[in-house]
Amino acid sequence: EDQKLCRLLRKNGDGKTDNEDLSQQLITASQKGSTQFKADDNRRITAVRIPESVMSWGCTTLTRLDLSSNGIFEIPDELYDMVSLTVLDISENCLFGLSHKLGNLKRLT
């Protein structure tokens, strides 16, 4: 598994630019008051950094969050505070497990 990850990172880079782009896209979506957000599914996003400035939007307005088909290794704790989510798609990532905090998202269907 570690060798596969190493090959992936060598081939695609470390995802830093894509991770930063995702943060900026979240800010833009929050400024527009969007209820849905879909990240690019290019398998290049490896980490999710949720800017503090989007947390109010994420906790009250955002209902659908799609982070599928990337290379995300870990879900940040901030995501588990987004209690307005009804849909969270984190399929086809590199997650090794989920936090018990997923239970905070009681509206997920």
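**The surroundings of F37**

Modeller: Let us begin with F37, which, leaving aside its neighbours within four places in sequence, is in contact with L22, Q25, L26, A29, W57, L62, R64, L65 and D66. Please bear in mind throughout that this is a predicted model.

Colleague: What makes L22 a contact of F37?

Modeller: Contact requires heavy atoms within 4.5 Å. L22 is in contact with F37, so the two have heavy atoms within that distance.

Colleague: Which members of the largest nonpolar core touch the most other members?

Modeller: They are L22, F37, L65, L67 and L79, out of 24 residues in that core. Two helices, α2 (16-32) and α3 (55-60), each supply at least two residues of this core. Helix α2 gives the most, with four residues.

Colleague: Why is the word "core" used for such a set of residues?

Modeller: The members must be buried residues of the listed nonpolar kinds, joined through side-chain atoms within 4.5 Å. As a general point, nonpolar side chains in soluble globular proteins tend to be buried together.

**The chain as a whole**

Colleague: How many helices and strands does the protein chain have?

Modeller: The protein chain has three helices and three strands. Along the sequence, their pattern is α-α-β-α-β-β.

Colleague: What share of the protein chain is buried?

Modeller: Of its 109 residues, 38% are buried. The chain exposes about 6700 Å², and carbon and sulfur atoms supply 48% of that area. Among contacts between residues at least 6 apart in sequence, 54% join residues at least 24 apart.

Colleague: Why is S23 called buried?

Modeller: The relative accessible area of S23 is 3%. Buried means under 20%, and therefore S23 is placed in that class. S23 is found in helix α2, and beyond its neighbours within four places in sequence it is in contact with R49 and P51.

Colleague: How do you know whether D18 is buried or exposed?

Modeller: The relative accessibility of D18 is 16%. This value is under 20%, so D18 counts as buried. D18 is also found in helix α2. Not counting residues up to four places away in sequence, D18 touches N42, R44 and I45. D18 and V48 are 30 residues apart in sequence and 9.8 Å apart in space, C-alpha to C-alpha.

**A cavity**

Colleague: What makes the lining of the second largest cavity nonpolar in class?

Modeller: The lining consists of L26, V48, I50, L62, L65, L67, L79 and M82. Val, Leu, Ile and Met count as nonpolar, and the lining has eight nonpolar, no polar and no charged residues. The cavity holds about 30 Å³ of space, and the structure holds two cavities of 30 Å³ or more.

Colleague: How does one know that empty space is left?

Modeller: Rolling a probe the size of a water molecule over the atoms shows where such space is left.

**Loop and end segment**

Colleague: Why does S69 count as buried?

Modeller: S69 has 13% relative accessibility, and the limit is under 20%, so S69 counts as buried. S69 lies in the loop between β2 (64-66) and β3 (87-89). Leaving aside neighbours within four places in sequence, S69 is in contact with D41, N42, R43, S91, E92 and N93. S69 and R44 are 25 residues apart in sequence, with 8.9 Å between their C-alpha atoms.

Colleague: What is the phi of S69?

Modeller: S69 has a positive phi of about 60°, although it is not a glycine. E92, in the segment after β3, has a positive phi of about 55° and is not a glycine either.

Colleague: Why is E92 called partly exposed?

Modeller: The relative accessible area of E92 is 48%.

Colleague: What makes K101 partly exposed?

Modeller: K101 has a relative accessible area of 28%, which is between those limits, and it is therefore partly exposed. K101 lies in the segment after β3. Not counting residues up to four places away in sequence, K101 touches D77 and Y80. K101 and Y80 are 21 residues apart in sequence and 6.0 Å apart in space, C-alpha to C-alpha.

How values were computed:
Residues are numbered from 1 along each chain as its sequence is written. This is a predicted model: local features need pLDDT of at least 70, side-chain atom pairs count only at pLDDT 80 or more; totals for chains, interfaces and linings use all residues. Side-chain values use heavy atoms; hydrogens and water are left out. Buried means under 20% relative accessible area, exposed over 50%, partly exposed in between (1.4 Å probe, protein chains only). Accessible areas come from the Shrake-Rupley method with a 1.4 Å probe; for residues, only the protein chains shown count as cover. On a 1 Å grid over the protein atoms alone, a cavity is a set of points where a 1.4 Å probe fits but cannot get out, and a pocket is an open set with protein on both sides within 12 Å along at least five of seven lines; lining residues have an atom within 4 Å of a point. Grid points are joined across faces, edges and corners, and a volume is the space filled by probe spheres set on the points.
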